[in-house]
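Please keep the model open while reading.

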Amino acid sequence: MKAAVVDRPGGVPEIREVPDPQAHDGEVLVTVAAVAVENVDRAIVAGTHYTAAEFQSALPAIPCFDGIGHLPDGTTVGFGGLRPPRGALAEHVVVPVAHTVPIPDGIEPPTAAALSSAITAMTMRTAGGLTAGETVLIQGATGVAGRLAVQVARLLGAGRVVATGRDPAALKEVGADAVINTAVDDEQVVRAFRENAGERYDVVLDYLWGRPTELLARALVPDSFALPKPTRLVQIGESAGPDIRLTADALRTSGLEIYGAARNAATGMATAYQQVVEWVLTGALTIPIVTMPLRSIAEAWTRTDLRGRRLVIVPG
Ligand SMILES: NC(=O)c1ccc[n+]([C@@H]2O[C@H](COP(=O)([O-])OP(=O)(O)OC[C@H]3O[C@@H](n4cnc5c(N)ncnc54)[C@H](OP(=O)(O)O)[C@@H]3O)[C@@H](O)[C@H]2O)c1
């Protein structure tokens, strides 16, 4: 079968003939129908993700660990749990039966492959406890996940949605009530965070970490002794950097509460998934995708013009 293979850390995947995978007891052969390529996949190939060691030690290897495909009986499933060197960017994969879930009728494989970005935005409720009417700040709203998060915040009944990004043209497209350009000097960014907070930011969905989150923490510190209301920050990505400098007063006096996106995932994500599926089926939520065939993986992997659209690799 054909598969996209990476030879070296940070390499671009290339199409090769590789042996067909064989299903053993408890496993099933899946014909791959769609695979979303996300930052996490690129970071694993580059060796910069915290889980990258397994992939790097298995090189040459096939990237991406989940996707959508068809079982031998024609059922469309989501599959996951692939272990290097075997990955999803191939014509077929073999996975444990337990690592497959049926995809609801009416959702095409490319859209199904990109659902995870919308599902993770639901952590503003599962981890951040968002309730209707509250103000949401999306840090990194110009990316694929951030744009979906703006839509999800609206659908969850947020009272006000504030979005940050570095590209004013892209910020205009995201559909927020207020936008903050973070590509200006630190003092201007801090001032903009304060001016756009209204009463306060109730929930922050943070795809960035790094400088923008450091400046947000600074902006939340009150000027005088006051009992701050909580701002629940959900940490979900690190596009702007893996660490921040957090001053003591930013935690002591700002009301800032920091949660990982995995908080309450075990109890909340199944419902979150159902909700996102319903929104997609009714057209309330649209997931912008760009599809490219597996044979064009080298070109697809190096594209830089996607602007908020998720790359999905399909057969061909
Ligand atoms: N399934 C998911 O989608 C998912 C789930 C969990 C976590 N995440 C994480 O969430 C983050 C965003 O994912 P994505 O798929 O939306 O990526 P993306 O489409 O590539 O968007 C990246 C976002 O980060 C911003 N950004 C990049 N570098 C920056 C910097 N140095 N300073 C400030 N902003 C910067 C971009 O802003 P510009 O437009 O200004 O470049 C854009 O808003 C990643 O860390 C990803 O791993 C994603």
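Contact here means heavy atoms within 4.5 Å. The model is predicted, so local features need pLDDT of at least 70 and side-chain atom pairs count only at pLDDT 80 or more, while totals for chains, interfaces and linings use all residues. Residues are numbered from 1 along each chain as its sequence is written, and side-chain values use heavy atoms, with hydrogens and water left out.

**Thr126**

Leaving aside residues up to four places away in sequence, Thr126 touches Arg263, Asn264, Gly268, Met269 and Ala272. Thr126 sits in helix α5, residues 123-126. Helices (H or I, at least four residues) and strands (E, at least two) are DSSP runs, numbered from the N terminus. Is Thr126 buried or exposed? Buried means under 20% relative accessible area, exposed over 50%, and partly exposed lies in between (1.4 Å probe, protein chains only). Thr126 has 14% relative accessibility, so it counts as buried.

**The sheet**

An open sheet is built from 6 strands. Their order is β10-β9-β8-β11-β12-β13, with parallel pairing. Two strands pair if DSSP finds at least two bridges between them. Which strands form the edges? They are β10 (178-181) and β13 (256-260), each pairing on one side only. Direction ignored, neighbouring strands of this sheet are turned by 20° against each other on average. Axes are lines fitted to C-alpha atoms, for helices over the stretch in contact; angles run from 0 to 180 degrees between N-to-C directions.

Strand β9 (residues 160-165) runs parallel to β10, and 4 bridges join the two. Thr164 stands opposite Ile180 in β10.

Two helices meet this sheet. Helix α8 (residues 186-195) lies across β8 (135-139), β9 and β10, at about 165° to β10. Helix α9 (residues 210-220) packs on the sheet. It touches β8, β11 (203-206), β12 (231-235) and β13, and its direction makes about 150° with that of β8.

**Glu38 and helix α1**

Glu38 lies in the loop between β3 and α1. Its relative accessible area is 17%, so Glu38 is buried. Leaving aside residues up to four places away in sequence, Glu38 touches Ser116, Ser117 and Arg310. The side chains of Glu38 and Ser116 are joined by a polar contact of 3.1 Å. A polar contact is a pair of N or O atoms within 3.5 Å; within protein, one must be able to donate a hydrogen and the other to accept it, and residues adjacent in sequence count only if both atoms are side-chain atoms.

Helix α1 spans residues 39-46, and its buried residues are Asp41, Ala43, Ile44 and Val45. Their cover includes β3 (27-37), α2 (52-57) and α12 (297-301). Gly47 follows α1 and has a positive phi, near 85°.

**The ligand site**

How many residues surround the ligand? There are 19, and the closest are Asn39, Thr142, Ala145, Arg166 and Ile236. A residue is near a molecule if one of its heavy atoms lies within 4 Å of it.

| Residue (backbone atom) | Ligand atom | Distance |
|---|---|---|
| Val144 | oxygen | 2.9 Å |
| Ala145 | oxygen | 2.8 Å |
| Ser239 | nitrogen | 3.2 Å |

On its own, the ligand has 910 Å² of accessible area, and the protein covers 74% of that. Accessible areas come from the Shrake-Rupley method with a 1.4 Å probe; for residues, only the protein chains shown count as cover. The elements giving two or more residues to the shell around the ligand are α4 (115-121) and α6 (144-155). α4 gives the most, with 3 residues.
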